[in-house]
Amino acid sequence: MRSLTRWARSWARCIGTATPLVVGGLLLGAPPAQAQVAGSCMQDVWKAHGNSQNLTCTANDVTLSSVSNICIAVTPGGVQDPDGDGCQNPNPQGQFTCVSGQPFTFTADFAMPLTAQARYDLGLYIATDGGGADGALTGQCAPNVVTAANSPTFINKDAAPDICGDIDSANTPQVIRQTITTMCADTNNDNKVNLPWCTSWRQPGANEVCDSVTFTTAATFDAFPGSPSKCNCGNLNIDVFLETASITVLKDAVTTTVSEAGGDVTYSVAVTNNAQVSSVTLDSLVDDLYGDITQVQGAVTATTCTLATIPAESNDPGGQNPYMCQFTVAVVSGAHDAGDTITDVVEACGSDDFGHSNLCDDDPADVTVVDASSPPDLTKTATATQTVAVDVQFSVGVSNTSAFDTLSLTSLTDDKFGDITTVQGNVLSTTCAVPQVIAPSGNYACSFVGRISATGLHTNVVTGAATDDDGVNYGAPELQDDADVNITVTFP
């Protein structure tokens, strides 16, 4: 009796009776827009009509070909329904989703095409328990029958009082718009929901009247098969995806430039959980240059980053999605030249509530290295080589004051003696030579002997020319110095 009353409630909703009907203590007459009550599936319906043989469902006269115009019921105006129509909006990948292993409710158009001659009293059974090897043949299901109340394609080839829909070659497919609560299950591992179903029909010669007058109980007022073979069962993929969370990483350089002399650089990281239902727990936050950014280690001198749990869009009252943090690194002096770009990538990986792991994304950020020039020093001293003070030795020194740039010395010229790297004119000897490469913080020293043929105060100036490895040119006044020699002649 319990199974009969369950069917009564279900079928009363199906036909939308205007006058309440009490069967087995239950009030019938709910409008067809309401979700139907799951009941025993087709095999039990068949036996409820006094049939002792098992259904074989070997015919293929009517099938279920598609489920379209899907509306997954969600809280109107909620995060999954910003437009407030009560239907789930697609996720960022353009998909409708449900939570694996959980029930969900949706309304859709179920299309049943004909592959034979006219058939009568079409029934549709959708498994609500995930189905089994036999689809919706046994177990629990949501039954329905084509009526004028639920089908935009309804035809009835039978005379009154029959009210159940039929199908022929001119009116195929027949469509039921139905609300179903079923399991979010994927039995063929393609990430789409599988919908177990069965269809039933009656053939000519077995076309009993389908109405609410002749058949007054739920056990008889339904669309049962005309014979054991007149049904068809299957498993249909529908365009609802089992949700797997995904994340998006956005990394920015808060400090956009750093001196070639070194310094601190701060980066910001934002990780967004794109899932509508599942939280994501971060398993790692790693930079390809600096390593684990959740710890102070190596070049990482400070961090606010942690392996946080990021709530889904539909459950984010604290505004924690996206998750945001910063970390600071120390760039070593001389590690990069001016004009270089330091590019590093942060990768975040996590796991969702459904057991999906290795959910990863990454993003790079750039920092530009700028020049830090330091002018070199040039010094000169003079030493008399004779008592008469006519041949004078001059010492020349060039120092590279940069701690990280290499200096190339290209010339040394005296305003009185000319090129002091060559014995010529009044340059009697020299140890000076160019070009010379002077390492960071290094120096170059040499000397030359110049002949002075006049008495009195002699002042001469040496000027050098050099270029560092960033292309900065140096000359006077950085590379210039003078020396004085006072020449006197003493008579005995």
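Start by selecting Gln178 and Asn144: their side chains are joined by a polar contact of 3.4 Å (a pair of N or O atoms within 3.5 Å, one able to donate a hydrogen and the other to accept it; residues adjacent in sequence count only if both atoms are side-chain atoms). This is a predicted model, where local features need pLDDT of at least 70 and side-chain atom pairs count only at pLDDT 80 or more, while totals for chains, interfaces and linings use all residues. Residues are numbered from 1 along each chain as its sequence is written, and side-chain values use heavy atoms, leaving out hydrogens and water.

Stay on Gln178 for a moment. It lies in strand β9, residues 174-183 (strands are DSSP E runs of at least two residues, numbered from the N terminus). Gln178 is buried, at 2% relative accessible area (buried means under 20%, with a 1.4 Å probe and protein chains only).

Next, colour the open antiparallel sheet, ordered β12-β14-β19-β17 (two strands pair if DSSP finds at least two bridges between them). β12 (247-253) and β17 (300-303) are the edges; each has a single partner strand, so one side of each lacks a neighbour in the sheet. Zoom in on β14 (263-273) and β19 (323-331), joined by nine bridges. Gly263 sits opposite Val331 there.

Now show the largest nonpolar core, which has 31 residues, with Tyr267, Val269 and Phe327 among those with the most contacts inside it (a core is a set of buried Ala, Val, Leu, Ile, Met, Phe, Trp, Tyr and Cys residues joined through side-chain atoms within 4.5 Å). β19 gives the largest share, five residues. For a last stop, pick out a second, separate core of 30 residues, including Met112 and Trp201.

Note on methods. Helix = DSSP H or I, 4+ residues; strand = E, 2+ residues; numbered from the N terminus. Buried < 20%, exposed > 50% of the residue type's maximum accessible area, 1.4 Å probe, protein only.
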